[in-house]
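Please consider the structure shown below.

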Amino acid sequence: METISLMGVASYMPPNIVENSFFQRGSDHSENMFKGVVRRRHIAADESADSMIEKAADKLIKQLNLKPEEDIDIILTNVSMPDQLFTGCGAVVAKRLGAKPKMIIDL
């Protein structure tokens with residue numbers, strides 16, 4: 001059996017932060033629908049799930065000094081609100097990174 005290893009993790013958070021009042025614009029409702037969190041991060045109009053995954057992966061690639069075309073065997077994505085409804089964004093991520101993974105899994 002071949003050994004599989006997780007070498008590291010990275011993340012990306014959109015820089016745009018909005019307050020809960022953002023969701024109440026033009027609303028007559030006095031009750032706040034979003035009670036748990038005061039601020040939320042929003043992606044920019046030109047960002048997508050695959051661009052955010054690419055930004056996080058780039059950090060990891062640089063940190064671990066990887067060559068994406070050689071060193072990435074699997075791309076695993078999990079996007080709650082996918083931009084690509086039927087195919088997921090794994091193939092787009094692979095292309096953006098210049099990777100040639102043996103397997104792409106979009107959860």
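A pocket is here an open set of grid points with protein on both sides within 12 Å along at least five of seven lines, and its lining residues have an atom within 4 Å of a point. The model under discussion is predicted. Its largest pocket has a volume of about 1,300 Å³. The lining of this pocket comprises 35 residues, and those nearest its centre are L6, L60, I74, I75 and L76. Three elements, α1 (49–63), β3 (74–77) and α3 (90–97), each contribute at least two residues to that lining. The largest share, seven residues, is supplied by α1. In terms of residue class, 24 of the lining residues are nonpolar, six are polar and five are charged.

Attention now passes to the charged side chains. Four salt bridges are counted in the model. In one of them, the side chains of R39 and E19 meet at 3.0 Å, N to O. Because R39 belongs to strand β2 and E19 to strand β1 (residues 16–19), this pair ties together parts that are 20 residues apart in sequence. E19 has a relative accessibility of 35% and therefore counts as partly exposed.

A further salt bridge joins the side chains of E47 and K55, again with an N to O distance of 3.0 Å. The two partners fall into separate accessibility classes: E47 is buried, with a relative accessible area of 10%, whereas K55 counts as partly exposed at 34%.

The side chains of R96 and D50 also form a salt bridge, at 2.8 Å from N to O. R96 lies in helix α3 and D50 in helix α1, so the contact ties together parts that are 46 residues apart in sequence. R96 is partly exposed, with a relative accessible area of 40%, while D50, at 5% relative accessibility, counts as buried. Through salt bridges that share partners, D50, E54 and R96 are joined into one network.

Finally, the confidence of the prediction deserves attention. The mean pLDDT of the protein chain is 86, and 88% of its residues reach 70 or more. Where pLDDT is low, the predicted coordinates should not be read in detail.

Methods:
Residues numbered from 1 in each chain as written. Predicted model: local features only at pLDDT ≥ 70, side-chain atom pairs only at ≥ 80, totals over all residues. Heavy atoms only, no water. 1 Å grid on protein atoms, 1.4 Å probe; cavity = no way out; pocket = protein on both sides within 12 Å on 5 of 7 lines; lining within 4 Å. Points joined across faces, edges and corners; volume = space filled by probe spheres on them. Helix = DSSP H or I, 4+ residues; strand = E, 2+ residues; numbered from the N terminus. Nonpolar A, V, L, I, M, F, W, Y, C, P; charged D, E, K, R; others polar. pLDDT = per-residue confidence, 0-100. Buried < 20%, exposed > 50% of the residue type's maximum accessible area, 1.4 Å probe, protein only.
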